[in-house]
Amino acid sequence: MAIEAFGTTGRGCVRDENEDRILVDDPLGLYVVCDGMGGSKHGEIAAEVAVGAVRYYIDSSRDRYDVSWPFGYAFELSLDANRLATGVRLANRQIWRTGEQSLECAGMGTTIAAVLIGDGRAVVGNVGDTRVYLCRENRLAQITIDDTMIASMVRKGLLSAAEATSHPMRNVVTQAAGSQEEVEVHLHEETIVPGDALLICSDGLYNLVEEPDILTALTENSSPEAAAKQLVDAAMTSGAPDNVSAVVMRYS
């Protein structure tokens with residue numbers, strides 16, 4: 001069994017800069033999309049710091065049995081889930097401290113959505129509203145939790161899913177890496193089976209490409225490269241007012 005993966009990112013049709021950053025690291029089994037926020041070039045700084053910090057920690061913790069530093073160890077989670085959660089929390093801490101030390105970087109932040117694959121399992125972690133989808137047996141499921149005001153209202157039954165799609169505040173993020181000193185990392189663990197596909201994408205993609213079209217791209221393209229490019233092209237065709245990123249992984 002093997003993972004084949006491909007990622008692509010672009011600034012879209014309107015933005016002058018691309019503040020998204022992606023990582024495809026097959027040897028580590030690590031795949032990340034970060035959507036930077038904060039204006040000017042500070043969003044991209046936050047996203048770059050996040051990708052670098054998560055990758056560094058996942059790499060440095062590969063051969064260590066003690067991964068409790070510096071946040072402790074959650075025994076109800078797997079080793080890899082602890083590693084990924086710590087990597088994301090360290091990224092948050094580094095962005096937060098960079099903002100404290102540099103006035104021009106104050107207020108910058110980034111979403112983080114990451115997938116760590118090993119031994120037939122995928123650990124998914126996220127902060128913010130960048131999403132991970134699982135495509136299995138021609139069905140698509142979002143397996144991350146959106147940290148947005150509107151998503152929270154839907155979960156509490158205060159808004160319907162249909163109302164949420166057109167709500168003017170649907171993109172207001174309630175937490176992002178670097179926006180506060182500590183963040184809650186949402187974690188999901190999944191046993192993956194042959195034929196499964198995973199997609200990590202920024203809101204610049206899923207706000208424009210409907211889930212049925214995402215499902216079509218993932219099921220009709222056996223190549224992750226073809227699927228990722230088709231999804232980004234679909235967002236571009238729709239005008240892409242935001243940066244657009246997609247990382248597709250297929251287990252075969």
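What follows is a walk through this predicted model, from its sheet to the helices beside the sheet and then to a few single residues. Because the model is predicted, local features need pLDDT of at least 70 and side-chain atom pairs count only at pLDDT 80 or more, while totals for chains, interfaces and linings use all residues. Residues are numbered from 1 along each chain as its sequence is written, and side-chain values use heavy atoms, with hydrogens and water left out.

Let's start with the sheet. Five strands form an open sheet in the order β1-β10-β9-β6-β7, with antiparallel pairing. Strands (E, at least two residues) and helices (H or I, at least four) are DSSP runs, numbered from the N terminus, and two strands pair if DSSP finds at least two bridges between them. At the edges sit β1 (3-10) and β7, each of which pairs on one side only. From one strand to the next, the twist averages 15°.

Now look at β6. Five of its six residues are buried, so β6 is largely enclosed by the rest of the structure. Here buried means under 20% relative accessible area, exposed means over 50%, and partly exposed lies in between (1.4 Å probe, protein chains only). On one side, five bridges join β6 to β9, and the two run antiparallel; Tyr133 stands opposite Leu199 in β9. β6 also pairs with β7 in the antiparallel sense, over four bridges, and Arg136 has Arg139 in β7 as its bridge partner. β6 and β7 form a hairpin with two residues between them, and Glu137 in the turn has a positive phi of about 50°. Further along the sheet, β9 and β10 are antiparallel partners over five bridges, with Cys201 bridged to Ala246 in β10.

Two helices can be viewed against this sheet. α7 packs on the sheet and touches β1, β9 and β10, its direction making about 25° with that of β1. Contact here means heavy atoms within 4.5 Å; for the angles, axes are lines fitted to C-alpha atoms, for helices over the stretch in contact, and values run from 0 to 180 degrees between N-to-C directions. α6 lies across β6, β7, β9 and β10, running at about 60° to β6.

Which residues of α6 are buried? In this helix (residues 211-220), they are Ile214, Ala217 and Leu218. Seen down the axis of α6, these buried residues fall within an arc of 90°, so they line one face of the helix; the arc is that of the directions from the helix axis to the C-beta atoms. On the other side of α6, Pro212 and Glu220 are exposed. The cover over the buried residues of α6 includes β6 (131-136), β9 (197-201), α5 (203-206) and α7 (224-237).

Arg131 lies over the face of Tyr206, at 3.7 Å from the ring centre, and Arg89 lies over the face of Phe71, at 4.0 Å from the ring centre. A charge sits over a ring if NZ of Lys or CZ of Arg is within 6 Å of the ring centre and within 35 degrees of the ring normal.

Finally, visit two more residues. Glu44 lies in helix α1 (residues 42-60) and, at 14% relative accessibility, counts as buried. Leaving aside residues up to four places away in sequence, Glu44 touches Glu17, Asn18, Glu19 and Arg21. Ser160, in the loop between α3 (149-155) and α4 (161-165), is partly exposed, with a relative accessible area of 32%.
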